Structures are given as C-alpha cells and as structure tokens.
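Please look at the sequence and the three-dimensional model side by side before reading on. The paragraphs below lead through a few parts of the structure, one after another.

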Amino acid sequence: MKSEIHLFILWENARKKCENEILNDIESNFEVLQIIEIEWNRKDFSDNISQFYGIKLPPRCNKVKEVGDGKFLLVIIRDNHPMYVVRRTNSGDSIVNVNVFDSKEMYRRWVGGHNIHSSNTVEEAEHDLGLLLGKTIKELEDIYKLQETIKEYKERI
C-alpha cells in the first residue's frame with residue numbers, strides 16, 4: 001500500500017503531561033515531516049475547535065476545558081506502511097488507519113483523556129490540514145519533496 005500523510009495534534013493539556021514521550025514514540029513509528037506549534041487566539045479558541053471537530057463533538061462537551069486553550073503541536077507524519085481495519089471510534093465502528101489510530105489511543109491513555117487528536121483516514125487528514133494550514137495533502141507533498149531535493153543538493157556541494 002502507498003504511504004500516506006496523517007497528523008497528530010497534541011493539545012495544550014497533553015503537552016503538559018508527556019509531550020517528549022509522545023513525540024519520541026511518533027518519531028520511532030512514523031516519518032515525521034513537520035512539527036508546527038500553533039496558537040489560536042484564546043477568545044476564538046472555542047469557535048475554532050468547534051469548527052475543527054464539527055459534529056464529531058458530543059453534545060454538552062466542554063472540549064476547550066478538556067484540551068486547554070494554549071499552544072498546541074501539529075505533527076505531520078508519513079505512514080509508510082498504512083493498514084486499514086475496523087475500529088470502534090467516537091462515531092461508531094469505522095475503517096481506520098490502525099497504525100495512527102492505535103498510536104492515538106495509546107497516547108490518550110498516557111495523558112488520561114482525549115487531549116490527543118489524529119487523522120483516522122486520508123480524508124480526515126485532508127480536512128484537518130486544510131483547516132489548520134490552508135493546504136491540501138498534495139500541496140504539502142510538493143513542499144516536502146522540494147525540501148528534500150534542496151537538502152540533497154546541499155549535501156552534494
């Protein structure tokens with residue numbers, strides 16, 4: 001199966017608990033393409049997170065209190081060996097990339113809550129990256145290929 005771009009988000013409260021351990025595990029299981037620290041304006045945070053999760057948030061959920069409203073990390077990864085299996089998600093049974101999904105579930109156990117987000121499918125990654133960065137996966141792939149080409153060129157000279 002072809003490699004896929006996915007993402008993890010370590011919301012503020014997860015970062016406080018075990019950011020380094022999570023990042024080390026991600027780096028040992030995936031190809032990390034980019035890590036971006038993002039800070040949303042605190043007064044807009046609730047609206048932003050509602051737009052980000054859309055209807056996936058359960059009613060009466062206080063997601064901002066759960067995840068924190070400070071700086072969070074966006075970790076863009078490449079899964080070079082994606083595998084799809086049915087898993088129980090917050091939305092019911094779904095076919096997901098189990099490498100990413102199972103890692104997210106483990107990280108959630110580490111931090112004791114839903115302070116970690118990941119894309120379960122390429123479609124979800126496309127949606128999330130579009131909202132967060134205003135870029136498609138194809139645009140990001142082109143950027144990462146260009147960066148690699150520049151790096152290889154600099155290593156030759």
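The helices (H or I, at least four residues) and strands (E, at least two) are DSSP runs, numbered from the N terminus.

This is a predicted model, in which local features need pLDDT of at least 70 and side-chain atom pairs count only at pLDDT 80 or more, while totals for chains, interfaces and linings use all residues. Residues are numbered from 1 along each chain as its sequence is written, and side-chain values use heavy atoms, with hydrogens and water left out.

Where the two helices meet, helix 1 contributes Ala14, Lys17, Cys18, Glu21, Ile22, Asp25 and Ile26, and helix 4 contributes Met106, Tyr107, Trp110 and Val111; contact here means heavy atoms within 4.5 Å. Sorted by class, this contact has 8 nonpolar, no polar and 3 charged residues, where Ala, Val, Leu, Ile, Met, Phe, Trp, Tyr, Cys and Pro count as nonpolar, Asp, Glu, Lys and Arg as charged, and the others, Gly among them, as polar.

Helix 4 also holds Val100, which is buried, with a relative accessible area of 0%. Buried means under 20% relative accessible area, exposed means over 50%, and partly exposed lies in between (1.4 Å probe, protein chains only). Leaving aside neighbours within four places in sequence, Val100 is in contact with His6, Phe8, Phe30, Ile77, Asp79, Ser118 and Ser119.

Next comes strand 3, which runs over residues 72-79 and has 8 of its 8 residues buried. Both of its faces are covered, with Phe72, Leu74, Ile76 and Arg78 on one side and Leu73, Val75, Ile77 and Asp79 on the other. Strand 1 (residues 4-10) pairs with strand 3 in the antiparallel sense over 7 bridges, and two strands are said to pair if DSSP finds at least two bridges between them. Within this pairing, Phe8 has Val75 as its bridge partner in strand 3. Strand 2 (residues 31-38) and strand 3 also pair in the antiparallel sense over 7 bridges, and Ile38 stands opposite Phe72 in strand 3.

The side chains of Glu31 and Arg78 meet in a salt bridge at 3.4 Å, N to O, a salt bridge being a side-chain nitrogen of Lys or Arg within 4 Å of a carboxyl oxygen of Asp or Glu. Glu31 lies in strand 2 and Arg78 in strand 3, so this pair ties together parts that are 47 residues apart in sequence. Glu31 is partly exposed at 34% relative accessible area, whereas Arg78 counts as buried at 13%.

Another salt bridge joins Asp69 and Arg42 at 2.9 Å, N to O. Asp69 lies in the loop between helix 3 (63-67) and strand 3, and Arg42 in the loop between strand 2 and helix 2 (45-53), so the pair ties together parts that are 27 residues apart in sequence. By this rule the count of salt bridges comes to 12, and Arg15, Glu19 and Glu37 are linked in a network of them.
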